[in-house]
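User: I have just opened this structure and would like to learn how to read it. Could you walk me through it?

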Amino acid sequence: MRPLFQRVAGAPAGRRSKWLVLAAWLILAVALGPLAGKLGDVEDSSANAFLPRGAESAQVNTELEKLRTDPVMPAVVVYTGDGAREKSAATDTAAFQKLAAKGEEVSRPVPSDDGEALLTVVPLDTEDEITDKIDELREIADANAPPGVDVEVGGPAGSLTDSVAVFDSLDSTLMIATGIVVAVLLLITYRSPILWLFPLLSVAFAAVLTQVGTYVLAKYAGLPVDPQSAGILMVLVFGVGTDYALLLIARYREELHRREDRHTAMRIALHRSGPAILASAGTIAVGLACLAFADINSSRSLGLVGAVGVVCAFLAMITVLPALLVIAGRWVFWPFVPRNGTPARKEQTVWSRVGAAVARRPRWSWMMSVAVTGVLALSAFGINMGLTQSEMFQDKPESVVAQEKISAHYPSGASDPAEIVTATGKAAEVKSAAAEVAGVARVEDGDRTRDGELTTLSVVLKDAPDSRQAKDTVDALRDAVHAVDGADALVGGTTAETLDTQRAADRDLRTVIPIVLLVVLGVLIWLLRALVAPLLLLATVVLSFFAALGASNLLFESILGFAGVDWSIPLMGFVFLVALGIDYNIFLMHRVKEEVARLGHGRGVLEGLTSTGGVITSAGVVLAATFAVFAGLPLVTMAQMGVIVGIGVLLDTFLVRTVLVPALALDLGRRFWWPGKLFHAPGQRESSPREAEREVEHA
């Protein structure tokens, strides 16, 4: 496999083939570019896109969408304040009727028991553009509101509109912010006004291929895509692609100091760095693809879509980037042009000193690293899991404000009742059983399906839809209606969806995490041809994940003021950090393995650290910064994801890869490579850490 990879990867460095590679990418970009813009056409924005597969609440949504004769979604308008609420509500009701679904009546304003609020329900046709209707409702309400009256439009239709507004601006915001961050960091890293353009141009090719590939797989192969995964996809491609570019360019620059011919230098750079990039891309792609075993549809979407993006980034970085660099020549490195015969500009001062410090006391170094990460990890055990609907946004949208006011003056579930779908012949029994459940305020008749076989019931809960008490009521409600023989009743709605998602997240943690660990371990064993080293590397990344989770929790509680951590974050954070965190260990250990075979264990470990220190640190900072872009987004879940991944990558870059892993390798000696060839290598004396330190200092 390795010779085949070397022949394929060496093509962009050929004197003629480099032009063919570039021409092929240009043709692909021009021909397939129009398809890239169609990714939004295949995104699944339905409620089930974010729910577990086979969940009862998802089944209810499917039945309602498939069978209801007049699909409607309610908008709830709530009036508060000391002004003329009754007059304002009456005026609005007449205007709202023009926007209501055909054949549906806008409810008369319902006063609260405390007399301080009015509530109007506007049924909207789901076949219309709901967001446009909500915008019109809000314009009417604001225009008619007299002084002293506050009007907010919420309910399911209002929540949907506010969520769509977030995702509509998500892609453009992320792309612009990520592009700026990566460009600035590349300028700082290369200190060249020209070179930074080449990785960005290559990433642009990768982005087009990613969007086209994702669109085709979604349209013709059933790849699940939702707005959240589509937004994260481009950030992942930017971050991973730039990392691979940094690694390849660093090795290419080294070879330019040793070779006069740039084609030969690139061919050698590809052959030596290519396996590490391949192992990294394979680890990340396969690790993310393990999310296909998750029950939650949004997790499956992000994992599979992310795997597509990583593969496309890998292909671009080993083909079009080398071709561009070889075509351009050495001048792209100006003003620090690498000349044949001159010493390579490794940043030995910092990283040789770090290596020397670790080599002086390796056992103390790794024990202190474990202690630091362990202390941070302790904070992970006090995490408050779960976010309510009002806590999902950093800035509360109007629908959340409306829900808070409804909860303050009405039965909290009035604006978002639970839904029951049951056999029509058993509807009366199911209604009676549901009404007897503690926590149910009232049960209202709904609609019948077109064939008359199913009936829907609306259940108003006493507690807020996203409260713990409401979830307990849904559990009791399900027990009660399931007990009605022959009804085949199902309970759905927002509260049921939250409950199902929470439980599926727990199942996914227990299912996906072991699979990811086994897959990553297999890749490391294949790369290093050892067992001890892969086990230790995997343990360090898992430890850094818990440290990142604990450190992030401190930020969430003390600085960012988040009420808790979303249920999806532990699993998504774990998969991303294990896949991305092991990335830098692969870069490091692939070079260490090469140097150990040449120099012996002790010196080889320190030489590998010194040689890769600058490029891996730059790559880690770039990747952490791209994910940190999420922290400024209005969705708390995406902000939390960005913070955890960013902190985890920085821990892996500056502590795990720099101190912990080299210290463990030096302390264990050749046992680190057991049972591989380096453990049994004949004729090589193993230098002690102190001897290795002196050798590096005098090299």
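Analyst: Accessible areas come from the Shrake-Rupley method with a 1.4 Å probe, and for residues only the protein chains shown count as cover. Here the protein exposes about 27,900 Å², and carbon and sulfur atoms supply 59% of that area. This is a predicted model, where local features need pLDDT of at least 70, side-chain atom pairs count only at pLDDT 80 or more, and totals for chains, interfaces and linings use all residues. Residues are numbered from 1 along each chain as its sequence is written, and side-chain values use heavy atoms, with hydrogens and water left out.

User: Why does the radius of gyration of 29 Å agree with a compact globule?

Analyst: The radius of gyration is taken over C-alpha atoms, and the globule rule is 2.2 Å times the number of residues to the power 0.38. For 699 residues a compact globule would have a value near 27 Å, so the 29 Å of the protein agrees. Along the principal axes, the C-alpha atoms fill a box of roughly 90 × 50 × 50 Å.

User: How many helices and strands does the protein have?

Analyst: Helices (H or I, at least four residues) and strands (E, at least two) are DSSP runs, numbered from the N terminus. The protein has 24 helices and eight strands.

User: Is strand β7 largely enclosed or open?

Analyst: A residue is buried under 20% relative accessible area, exposed over 50%, and partly exposed in between (1.4 Å probe, protein chains only). Strand β7 (residues 454-461) is largely enclosed by the rest of the structure, because seven of its eight residues are buried. Across the protein, buried residues make up 56% of the 699 residues.

User: Which strands pair with β7?

Analyst: Two strands pair if DSSP finds at least two bridges between them. Strand β5 (residues 418-423) pairs with β7 in the antiparallel sense over six bridges, and Ala423 stands opposite Leu454. Strand β6 (residues 440-448) also runs antiparallel to β7, joined by six bridges; there, Glu444 has Ser458 as its bridge partner.

User: What is Ser301 in contact with?

Analyst: Contact means heavy atoms within 4.5 Å. Ser301 lies in helix α11 (residues 297-317) and counts as buried because its relative accessibility is 2%. Leaving aside neighbours within four places in sequence, Ser301 touches Pro224, Val225, Asp226, Ser229 and Gly306. Val225 is 76 residues from Ser301 in sequence, yet their C-alpha atoms are 5.3 Å apart.
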